[in-house]
Amino acid sequence: MKPLKTRISITIDDPIYQRIKGLAEYDDRSVSSYINLALREHLERLDRKEEE
């Protein structure tokens, strides 16, 4: 079973998009997948800080 996904639209600065796009290509991922991964890791770091 595939995980549930929510389609959204966001606006980001072009330099940030270009950097994410390059990192996603290097990692052989889609931009969407890379952003999802980055946000997940960021939220996990926040959770760890709250536990401390």
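This is a short tour of a predicted model, one selection at a time.

Residues are numbered from 1 along each chain as its sequence is written. Local features need pLDDT of at least 70, side-chain atom pairs count only at pLDDT 80 or more, totals for chains, interfaces and linings use all residues, and side-chain values use heavy atoms, with hydrogens and water left out.

**Stop 1: before α1.** Select Ile8, in the segment before α1. Ile8 is exposed, at 66% relative accessible area (buried is under 20%, exposed over 50%, partly exposed in between; 1.4 Å probe, protein chains only).

**Stop 2: helix α1.** Select residues 14–26. Helices are DSSP runs (H or I, at least four residues), numbered from the N terminus. The 13 residues of α1 should span 18 Å, and the end C-alpha atoms are 18 Å apart, which agrees. The expected span is 1.5 Å times one less than the number of residues.

**Stop 3: after α1.** Asp28 follows α1 and has a positive phi, near 55 degrees. Next, select Asp27 and Arg29. Their side chains meet in a salt bridge, 2.8 Å from N to O (Lys or Arg side-chain nitrogen within 4 Å of an Asp or Glu carboxyl oxygen). Arg29 is partly exposed at 35%, and Asp27 is partly exposed at 37%.

**Stop 4: helix α2.** Select Glu51, in α2 (residues 31–51). Glu51 is exposed, at 69% relative accessibility.

Note on methods
Helices (H or I, at least four residues) and strands (E, at least two) are DSSP runs, numbered from the N terminus.
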